[in-house]
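Visitor: I'd like a close look at one part of this model, please. Could you walk me through it slowly?

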Amino acid sequence: PAGEYQVVCTWDDSVVTDADTERTRDAQEVRDGLMRKHEFRMKWYGEDEETARAAIQEQEQSDDDILFGTSGE
């Protein structure tokens with residue numbers, strides 16, 4: 001069809017960047033306090049900040065419930 005078009009491509013350069021290695025490195029940075037948990041979730045799960053923070057809060061509450069025996073199970 002007639003008209004102008006704009007082509008946008010995003011390439012994963014997996015030859016140079018290994019996603020598994022990068023994810024492992026990012027997880028280590030979370031453990032070391034260099035990256036925040038919500039930033040990790042945003043990057044690797046494609047979540048927005050609000051969703052990532054809510055997921056972390058839910059997980060931490062669940063962990064506390066299990067640790068302190070207050071889960072509904």
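Visitor: At roughly what angle do the axes of helix 2 and helix 3 cross, and within what distance do they come?

Guide: They cross at roughly 120°, and the axes of helix 2 (residues 37–45) and helix 3 (residues 49–68) come within 9 Å. That makes helix 2 oblique to helix 3 (under 35 degrees is roughly parallel, over 145 roughly antiparallel, 65 to 115 roughly perpendicular, and the rest oblique). The axes are lines fitted to C-alpha atoms over the stretch in contact, with angles from 0 to 180 degrees between N-to-C directions. Helices here are DSSP runs of H or I with at least four residues, numbered from the N terminus.

A quick word on ground rules: this is a predicted model, with local features needing pLDDT of at least 70, side-chain atom pairs counting only at pLDDT 80 or more, and totals for chains, interfaces and linings using all residues. Residues are numbered from 1 along each chain as its sequence is written, and side-chain values use heavy atoms, with hydrogens and water left out.

On the helix 2 side, K37, H38, R41 and M42 do the touching, and they meet E49, A52, R53, A55, I56 and E60 of helix 3 (contact is heavy atoms within 4.5 Å). Sorted by class, that's four nonpolar, one polar and five charged residues (Ala, Val, Leu, Ile, Met, Phe, Trp, Tyr, Cys and Pro are nonpolar, Asp, Glu, Lys and Arg charged, the others, Gly among them, polar).

Helix 2 has another partner: helix 1 (residues 19–31) packs on helix 2 at about 165°, axes 9 Å apart. So helix 1 is roughly antiparallel to helix 2, and their crossing is left-handed.

How far to trust it?

Notes. Helices (H or I, at least four residues) and strands (E, at least two) are DSSP runs, numbered from the N terminus. A crossing is left-handed if the near helix is turned anticlockwise from the far one by less than a right angle, and right-handed if clockwise.
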